[in-house]
Amino acid sequence: MPFARLASATTPTCHLGLGLAAVGRPGYINLGREQDLPPDRSVDALRERTHELLDAAYAQGVRYFDVARSYGRSEEFLAGWLHARPGIDDVVVGSKWGYTYTAAWSTDAEQHEVKDHGLATFERQHAETTALLGDRLDLYQIHSVTPDSPALTDKELHAKLAETAAGGTTIGFSTSGPAQAAAIRAALEVTVDGEPLFRTVQSTYNLLETSAAPALAEAHDAGLTVIVKEAMANGRLADPHAPQALRAVAAETSLGSDAVALAMILRLPWAGVVLSGAATVGQLVSNLHAAAVDLGEEQIARLEALAEEPGAYWEQRGRLPWH
């Protein structure tokens, strides 16, 4: 398991990772994106921003970096950063397959990505990922598994994934939508030759969407590393959009709402790595303060009361526009 490397890390931020969804392509659904990125969203401009973030994250002790085939040129940007810094050999790199990026570097494309969990897509995208990241790829995840995904039942795909795992790449999956718990539990049942196929799970969990918690605890107990994504609810938990209760607790800690929201996840025993989706170095630094947040029981209770009904949460997320 590549995440065993993090177990020996001594930095407070070793359980915080950096995801490149927000900077690997010119359009995304995060709130405040118009201010976060410069008007020039050329490939070169976003490559430079990505490398700035990676440098800052690494300097602050972050050792897990998360990309995907559908995050525009995120794999390419990360590969270039790694190639230019050959001495960096202590990071863990995860990517995902299952969505194809179709926006052609546009912010107003009619369709930004297309989902397909078939074997042919895996073989094509695995070859594309390997061509960029080579042996630096530690973890390859199925992107956004839902209970009805064919990736949960396709035995031929399972065999190919097991073959990839035998070659040294850890196999995992990510989840999205109001039925994340069902998808997680179904994936835990997938075996090849009597052995569990998946060794990691990456799911949406935050103060507003907590429904996957019991299933994620079960996954952790089964030996999987749990990676938490969308911990900021696509900007809804960051200032100035954060709920009043979160802003109040943040004021009491003298830190940002984002740091408090992330700290609420770091305290959970099943949370292995919590992703920052920062688009600026300032956001990243603020996010990393989560490792220093100390919350009392009464503050925790106030924050836990922010949880929404899963269907309502995902309906609102589905309405967020691409910026």
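What is the volume of the largest pocket? In this predicted model, the answer comes out at about 1,000 Å³. If you want to find the middle of the largest pocket, look for Tyr28, Ile29, Asn30, Glu230 and Asn234, the closest to its centre among the 46 residues that line it. Several elements each give two or more residues to that lining: helices H2 (33-36), H11 (281-288) and H13 (310-318), plus strands S6 (139-145) and S12 (273-276).

Now let's turn to how some helices pack. Two packed helices are described by the angle between their axes and the distance between the axes. Take helix H3 (residues 43-59) and helix H4 (residues 74-84): their axes lie 10 Å apart, at an angle of about 55 degrees. That makes H3 and H4 oblique to each other, and their crossing is right-handed. On the H3 side, the contact includes Val43, Leu46 and Tyr58, while H4 brings residues including Phe77, Leu78 and Trp81. Sorted by class, the residues of this H3 and H4 contact are 7 nonpolar, 3 polar and 3 charged.

Further along, have a look at helix H9 (residues 244-253) and helix H10 (residues 257-266). Here the axes come within 8 Å and cross at roughly 100 degrees, so H9 and H10 are roughly perpendicular to each other. H9 reaches its partner with Leu246, Arg247, Val249, Ala250 and Thr253, and H10 answers with Ser257, Val260 and Ala261. In this contact of H9 with H10 you'll find 5 nonpolar, 2 polar and 1 charged residues.

Technical notes: Residues numbered from 1 in each chain as written. Predicted model: local features only at pLDDT ≥ 70, side-chain atom pairs only at ≥ 80, totals over all residues. Heavy atoms only, no water. Axes fitted to C-alpha atoms, helices over the stretch in contact; angles between N-to-C directions. Helix = DSSP H or I, 4+ residues; strand = E, 2+ residues; numbered from the N terminus. Parallel < 35°, antiparallel > 145°, perpendicular 65-115°, else oblique. Left-handed = near helix turned anticlockwise from the far one by under 90°. Contact = heavy atoms within 4.5 Å. Nonpolar A, V, L, I, M, F, W, Y, C, P; charged D, E, K, R; others polar. 1 Å grid on protein atoms, 1.4 Å probe; cavity = no way out; pocket = protein on both sides within 12 Å on 5 of 7 lines; lining within 4 Å. Points joined across faces, edges and corners; volume = space filled by probe spheres on them.
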